[in-house]
Amino acid sequence: MSTSIDLLAFGTFGIPNGFKQTFFLNNPNSRYLKSFDLNTNAITIYPQANLYSIRKEVANGAKALSYTQYSFAREQHSDRGGTFIGSSITFFNTNCEEPLVISCLDEFHADIIAEQRNIINHVLQVKHSDELIVREPKDLNKLDLNFKALDATLFQKTRNNFLVVYCDLSSELNLFLQKSAYLLSDFDTIYFTDSVDIANYVIEKGLYTFINSEQFLAEIEKRKAAKEIERFEQQKSKNPSFQKNKNTSPEKNTPEEITPRNWDVSIFQKKVNQNKLIAEHNDLVKKYNELKAQLKQLSNSKPKTDNPFESPDISYPEEEDTSILSSYQFWRGLSIVLLLTCGYAGYREYERYNAVSTAPTVAVTPVLPAPIPVAPPKVEIPPLNPLPKSVLKEKDIAYTFKNSTIQNQTADSVVNLIFAKNKTDITSIYGNQKPAYKAELIKRNPECFKDDKVICTFLKNIPSAQ
């Protein structure tokens, strides 16, 4: 078997061993892996509940990625809640296609639970993980043939953050595991469950980040968009065409080197046309001034008469028709003025257009969408199982609340007090159903609860299984 994989089995075995985990393929890096124990202050496992996880870590310098499954199991001679048995497939410096991994993991885990030498009716029959009877999944060798590259950037930081995703395991688990790489840079372990009890427990404790399927997919899309922007920025920084050219003058100041090096040719051509138009404009202005001076000189040379309506008697040489000359000079001057005006207007319009078209492009950094607020899914709490047969007697109620003031206490605090004082009648049966028990308690004493707080000094109807 490849040294890139190991199979693990673990569980909570009670006194004297507690939690233990064993590696069955003896990978040299496995003994450096962290514990697969659950932090029951943040998350716990219930009967019939399903819980998977994907976890990253660095073990003995190797990048380890673990796919894990948990199931409820009681310790011998103990009714303590939250105990479990679990199994894991760990990859070192590589990874594999998730559907094949989960298929092997499900087979490995199911064989452990089905083996009666390991567990009977959810009760562990062994006292240490070394004693568990395990069998390799039949498709374990296929993992060697389907390795894929491991994203090393996921292991750059250890954040000690945990995420719990409430989803449909039967249809979404494989897809969500494949997409988890986008979030493992921010979380060390991501749990997946379809259990209402686990969801409510995580929400109540509030130590792990909790999201549902829709929020998970939205976060993935946000991370994918951010990664595309980052990839674009990296390509942009490597592509010379995106860089601002600081060499704006030619290396050789010679007439034959007309186009400056590294300039955009179209921009240079626009510059040449602009200079040409300015020169033509200046030439027209010069000619206009000369023509204006000539017209003024001709006007001053005409003799004046006292009668404005009488034509002056002026003798001109026969070869020169002054009326024709004056008309010609006038219209020629007017044409030049109009041409000059149109030319100058055209130049101003061209100058405006050129300023817009050659304006530098300003890079706009896209604004990432705001993080999606994490909201718990709308889950319904199932009724107590089995349904309470009676209520506590008055003497038992008095014993329960003796030396305790329950008014203004939270409903959870009161439930914890009831469980602590009634281990036989209540805790032994409903120890793993606190949310459901709290709902039943409020239902039977509606006048004593407001905004999840107790407003009475005494509770009369306390459900009991006995």
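What volume does the largest pocket have? The points below begin with that matter and then turn to confidence, overall make-up and single residues.

1. The largest pocket has a volume of about 980 Å³. A pocket is here an open set of points on a 1 Å grid over the protein atoms alone, where a 1.4 Å probe fits, with protein on both sides within 12 Å along at least five of seven lines. Grid points are joined across faces, edges and corners, and the volume is the space filled by probe spheres set on them. Lining residues, those with an atom within 4 Å of a point, number 42, and the closest to the pocket centre are Tyr46, Gly81, Gly431, Asn432 and Gln433.

2. The lining of the largest pocket comprises 15 nonpolar, 17 polar and ten charged residues. In this count Ala, Val, Leu, Ile, Met, Phe, Trp, Tyr, Cys and Pro are nonpolar, Asp, Glu, Lys and Arg are charged, and the others, Gly among them, are polar. Helices H4 (196-205), H9 (411-421), H10 (423-430) and H11 (434-444) each contribute at least two residues to this lining.

3. The model is predicted: local features need pLDDT of at least 70 and side-chain atom pairs pLDDT 80 or more, whereas totals for chains, interfaces and linings use all residues. Residues are numbered from 1 along each chain as its sequence is written, and side-chain values use heavy atoms, with hydrogens and water left out. Mean pLDDT (the predictor's confidence in each residue, from 0 to 100) is 79, and 71% of residues reach 70 or more. Over residues 246-268 the pLDDT is below 50, and this stretch has 18 contacts (heavy atoms within 4.5 Å) beyond near neighbours in sequence. Residues 356-372 also stay under 50, with 15 contacts beyond four places in sequence.

4. The secondary structure consists of eleven helices and 16 strands. These are DSSP runs numbered from the N terminus: helices are H or I of at least four residues, strands E of at least two. Of the 466 residues, 36% are buried, that is, under 20% relative accessible area with a 1.4 Å probe and protein chains only. Among contacts between residues at least 6 apart in sequence, 70% join residues at least 24 apart.

5. Helix H9 has Ala411, Val414, Val415, Leu417, Ile418 and Phe419 as its buried residues. They pack against helix H8 (394-400), H10, H11, strand S14 (449-450) and strand S15 (453-454).

6. Gln69 belongs to strand S4 (residues 62-72) and is buried, at 8% relative accessible area. Its side chain makes a polar contact with that of Tyr52 at 3.3 Å; such a contact is a pair of N or O atoms within 3.5 Å, one able to donate a hydrogen and the other to accept it, and residues adjacent in sequence count only if both atoms are side-chain atoms. Gln69 and Ser87, 18 residues apart in sequence, lie 5.6 Å apart, C-alpha to C-alpha.

7. Two asparagines may be read together. Asn445, in the loop between H11 and S14, is buried, with a relative accessible area of 1%; a polar atom of its side chain lies 3.0 Å from the backbone oxygen of Leu441. Asn212, in strand S12 (residues 209-212), is buried at 13%, and a polar atom of its side chain lies 3.3 Å from the backbone nitrogen of Glu214.

Conventions. Buried means under 20% relative accessible area, exposed over 50%, partly exposed in between (1.4 Å probe, protein chains only).
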